[in-house]
Amino acid sequence: MSSVVETRSPSPQMKSVLTPPLTPPPRTATLKEDVPVDLGVPENYVSWTIKNQKPLPPITWSSLYKELNYLSLAILTITPSIAIWGAFHVKMRTETFWWCVVYYFITGLGITAGYHRLWAHRSYNASKPLEYFFAMAGAGAVEGSIRWWSRGHRAHHRYTDTELDPYDANKGFWWSHVGWMLVKPRRKPGVADVSDLSKSEVVRWQHRWYLQLIVTFGFLFPTFVAGIFWGDWWGGFVYAGAARLTFVHHSTFCVNSLAHWIGETPFDDKHTPKDHMLTAFVTNGEGYHNFHHQFPTDYRNAIKWYQYDPTKWFIWTCAKLGLASHLKKFPENEVRKGQLTMQLKRLRETQEGLVFAPDANDLPIVNWETFQKQSTKRPLVVVAGFIHDLSSFIDDHPGGRHLIAKNIGRDATTAFFGGVYDHSNAAHNLLSMMRVGVLAGGMQHGLDDRIVPPSQRLRIARYTELVSSAGSSTAWSDNEGLLG
Ligand SMILES: [Zn+2]
Ligand SMILES: [Zn+2]
């Protein structure tokens with residue numbers, strides 16, 4: 001909310017590690033806050049901090065009253081209480097209902113298009129009037145100043161799923177939704193630079209007047225609009241003020257909780273962010289969060305035209321009206337690489353769940369005489385240089401037993417591949433499962449399609465497997481006993 005009390009300052013020892021001598025600031029930087037705070041961060045910053053900066057002790061029921069952030073708690077409980085009281089005592093008028101919806105989107109966009117995509121991520125440039133609009137609309141969402149919000153959000157992206165992430169999703173749904181605001185944090189969020197925002201006239205203006213702005217745009221403005229235009233003062237206060245604010249709060253909080261909890265990972269599954277249409281609907285389009293964490297400076301969250309992303313549509317419209325410019329998009333080629341990787345991963349899982357034909361290198365090499373001798377004991381047939389034992393299949397052969405029987409002890413390659421019947425890929429796959437040996441001198445060259453079953457011609461291999469399989473051979477020597 002408006003502030004999270006910092007309860008722990010680094011130990012003297014830690015300070016010396018966290019603040020090594022900084023590179024001299026550029027000459028143009030005149031204010032201390034113009035210098036990026038992470039300029040001198042050591043290379044082992046994350047692991048060192050997590051290991052050496054001990055978090056505050058866990059909160060227990062008996063210590064809870066000392067650990068609560070009472071300002072956040074008050075805002076997050078009194079606001080919905082007013083809305084619930086109002087629902088029973090104040091009649092909802094049609095004009096007020098539609099005003100609530102409109103003001104929900106205005107203040108929601110103040111956060112999503114303003115705080116989030118403009119200031120926290122710099123995904124486009126906004127004109128001064130648009131920046132002031134976002135600063136006021138965002139204040140109406142009562143979620144802290146632009147500077148404070150963006151600092152936390154940049155830490156969230158930089159340290160996702162670690163203890164330095166202020167709303168670490170691994171601590172559970174409710175922690176990432178509201179818990180992190182209701183109690184004093186157990187450790188400081190990881191370092192994240194917002195010196196660019198300190199230079200912004202609009203950000204500084206909003207930070208300075210923040211308290212007046214949240215009172216004005218959180219409650220006074222929505223109440224006055226309903227009161228002055230259609231005389232519904234109480235409705236304006238209760239519904240467009242309190243109820244609308246409650247919805248905006250939990251809608252935006254869902255970006256930290258729901259968007260890290262349900263959905264798909266079409267671009268990367270290294271961390272918790274996920275894509276889900278439901279999350280998009282409740283967050284003004286911020287629900288394509290898997291994409292967003294991969295490509296955070298892209299002004300879009302949804303990349304398909306039919307996906308719900310009103311924040312993107314709003315920014316795009318502002319650009320058409322000349323109010324925004326330099327809308328950033330990640331190169332399509334790189335976006336598709338992420339998608340391909342995830343598709344291959346899923347296909348690999350399918351592949352690993354199946355059993356394929358034995359590799360030629362794992363089968364014994366058998367000469368023609370041995371093959372002939374063995375064929376008198378069981379139905380062995382040669383196809384494409386492989387010896388197959390058809391005992392389990394001969395009676396189930398769709399073309400009849402006799403067509404196999406007459407090829408026992410013979411090379412049936414031509415008959416199998418169209419001479420008698422041009423077998424299906426499924427038949428070829430099934431045949432390959434019955435391989436028991438390789439006929440010495442009977443194999444065509446290794447790139448012949450007839451040697452490789454259709455299901456194995458295109459396979460997914462890790463780069464390490466491609467390297468190790470090249471040139472290796474474990475072919476066995478001819479040995480009659482191995483076939484028997
Ligand atoms: Zn996130
Ligand atoms: Zn973000």
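Two strands are taken to pair if DSSP finds at least two bridges between them, and the strands themselves (E, at least two residues), like the helices (H or I, at least four), are DSSP runs numbered from the N terminus. In these terms, strand β5 (residues 386-389) and strand β6 (residues 435-439) pair in the antiparallel sense over 3 bridges, and the bridge partner of H388 in β6 is R435.

The structure is a predicted model, in which local features need pLDDT of at least 70 and side-chain atom pairs count only at pLDDT 80 or more, whereas totals for chains, interfaces and linings use all residues. Residues are numbered from 1 along each chain as its sequence is written, with chains lettered from A and ligands numbered from 1 in the order in which they are written.

The pairing of β5 with β6 belongs to an open sheet of 4 strands, whose order is β3-β6-β5-β4 and whose pairing is mixed. At its edges stand β3 (365-366) and β4 (380-383), each of which pairs on one side only. Helix α17 (residues 368-375) lies across β3, β4, β5 and β6 and runs at about 140° to β4, where axes are lines fitted to C-alpha atoms, for helices over the stretch in contact, and angles run from 0 to 180 degrees between N-to-C directions.

The protein chain as a whole has 22 helices and 6 strands. One helix pair is formed by α5 (residues 94-120) and α15 (residues 310-320), whose axes come within 10 Å and cross at roughly 70°. The contact is made by L109, T112, A113 and R117 of α5 together with T311, F314 and I315 of α15, two residues being in contact if their C-beta atoms, placed from the backbone, lie within 7 Å.

An unreviewed UniProt entry annotates residues 70-90, 97-118, 130-149 and 209-230 as "transmembrane region"; such annotations may be inferred rather than shown by experiment. In the model, residues 70-90 are 95% helix and 0% strand, with end C-alpha atoms 28 Å apart, while residues 130-149 are 70% helix and 0% strand, with end C-alpha atoms 19 Å apart.

Confidence is expressed as pLDDT, the predictor's score for each residue from 0 to 100; the protein chain averages 88, and 88% of the residues score at least 70. Over residues 1-30, however, the pLDDT is below 50, although this stretch has 40 contacts in the model beyond near neighbours in sequence. Where pLDDT is low, the predicted coordinates should not be read in detail.
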